[in-house]
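Please look through the sequence and the model below before reading on.

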Amino acid sequence: MRKILSILIAASVLTTPLAMATEANAAQANKQVVVLKKDVVKKKVVVRKGGWVTGRRLSASDRHRAATIDYRRHRLSAPPRGYHWVRIKNNFLLVGMTSGLISKVVNAR
């Protein structure tokens, strides 16, 4: 009786790692399929436009939507002669009145 019991215990101890290894291999195979599906997904490219850069000109549409502001109220420096401060969305721009060139860009606080 003891011999049979010890043989059964030894067999269960030896077969447990084999069963777990087979489950692990099956799980890895499933993961590989998921990785292959992810490779099929195409990436989306987002192009951000409208970044204000000094030296660029303000377009006509941007000039229409720009609001002239009081620079003292927003604690900005006084504009030189021929320039004025405008606000577009969340940016303050120092723009030449006749040329439309952007001289300075400041983010709103």
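In which helix does L5 lie? The model, which is a predicted one, places L5 in helix α1, a helix that covers residues 2-40. L5 counts as exposed because its relative accessibility is 52%, and the cut-off for that class is over 50%. Together with I9 and V13, L5 forms a nonpolar patch on the surface, and the accessible area of these three residues together is about 290 Å².

With that starting point in place, the chain as a whole can be considered. Its secondary structure consists of two helices and four strands, and, when these are read along the sequence, they follow the pattern α-α-β-β-β-β. The protein chain has 109 residues, of which 19% count as buried. Its accessible surface comes to about 9500 Å², and carbon and sulfur atoms account for 59% of that surface.

The next stop is the loop between β1 (67-68) and β2 (83-88), where S77 is found. S77 is classed as partly exposed because its relative accessible area is 41%, a value that falls between the limits of 20% and 50%. Not counting residues up to four places away in sequence, S77 touches Y71, W85 and K104.

G82 has its place in the loop between β1 and β2, and its relative accessible area of 38% is why G82 is described as partly exposed. When neighbours within four places in sequence are left aside, G82 is in contact with V95, G96 and M97. The C-alpha atoms of G82 and S99 are separated by 9.4 Å, and these residues are 17 residues apart along the chain.

Finally, is N91 buried or exposed? N91, which is found in strand β3 (residues 91-96), counts as buried because its relative accessibility is 16%, and buried means under 20%. Leaving aside neighbours within four places in sequence, N91 is in contact with W52, V86, V106, N107 and A108.

Methods
Residues are numbered from 1 along each chain as its sequence is written. This is a predicted model: local features need pLDDT of at least 70, side-chain atom pairs count only at pLDDT 80 or more; totals for chains, interfaces and linings use all residues. Side-chain values use heavy atoms; hydrogens and water are left out. Buried means under 20% relative accessible area, exposed over 50%, partly exposed in between (1.4 Å probe, protein chains only). Contact means heavy atoms within 4.5 Å. Accessible areas come from the Shrake-Rupley method with a 1.4 Å probe; for residues, only the protein chains shown count as cover. Patches are made of residues with over 30% relative accessible area and no salt bridge: like charges are joined within 9 Å, nonpolar side chains (Val, Leu, Ile, Met, Phe, Trp, Tyr) within 5 Å. A salt bridge is a side-chain nitrogen of Lys or Arg within 4 Å of a carboxyl oxygen of Asp or Glu.
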